[in-house]
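The sequence and structure come first.

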Amino acid sequence: MLYYKDDPELFENKASVLKVLSHPIRLCIVKNLIAVKKANVTQMQHCLEAPQSTISQHLSKLKAQKIIKGERKGLEIYYSISNEKIIKIIEVLFCE
């Protein structure tokens, strides 16, 4: 069994990931990126009906936790899931 007192940093890191995923817009971004594999901010904007600046702020938080990554193609940045464990978390969360 793993206890907090044995490795508090591990538990803090896992909690940080869950905190980032706990916002509805970020959760939607991650769920949709799993479905479509890659998307840019413009594509996300149409789906989320949110301003580009709002989506960019959420993307920054997801990137900081290494949940997603961005790949530049010309003037566009395409985002995708960079942490395969996140896919499993989302699948469990949305299973019916």
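A patch is built from residues that have over 30% relative accessible area and no salt bridge, with like charges joined within 9 Å. Asp and Glu count as negative here. The model is predicted, and in it Asp6, Asp7, Glu9 and Glu12 gather in such a patch of negative charge on the surface.

One of these residues, Asp7, sits in the segment that comes before helix H1 (8–21). Asp7 has a relative accessibility of 30%, so it counts as partly exposed.

## Cysteines

A disulfide is a covalent bond between the sulfur atoms of two cysteines. How many disulfides does a search of the whole structure find? The search finds 0. Cys28 takes part in no disulfide: its nearest cysteine sulfur belongs to Cys47 and lies 4.8 Å away, whereas the cut-off for a pair of sulfur atoms is 2.5 Å. With 26% relative accessibility, Cys28 is classed as partly exposed.

Cys95 is likewise in no disulfide, and the nearest cysteine sulfur, that of Cys28, is 18 Å away. Is Cys95 buried or exposed? Its relative accessible area is 56%, which means that Cys95 is exposed.

## A lysine between two helices

Lys37 lies in the loop that links helix H2 (24–36) and helix H3 (41–48). This lysine counts as exposed because its relative accessibility is 58%.

Along the sequence, Lys37 and Thr54 are 17 residues apart. In space, the separation between Lys37 and Thr54 is 21 Å, C-alpha to C-alpha.

Technical notes. Residues numbered from 1 in each chain as written. Predicted model: local features only at pLDDT ≥ 70, side-chain atom pairs only at ≥ 80, totals over all residues. Heavy atoms only, no water. Buried < 20%, exposed > 50% of the residue type's maximum accessible area, 1.4 Å probe, protein only. Patch = residues over 30% accessible without salt bridge, like charges linked within 9 Å, V, L, I, M, F, W, Y side chains within 5 Å. Areas by Shrake-Rupley, 256 points an atom, 1.4 Å probe, with all protein chains shown as cover. Salt bridge = Lys/Arg side-chain N within 4 Å of Asp/Glu carboxyl O. Charge placed at Lys NZ, Arg CZ, Asp CG, Glu CD. Helix = DSSP H or I, 4+ residues; strand = E, 2+ residues; numbered from the N terminus.
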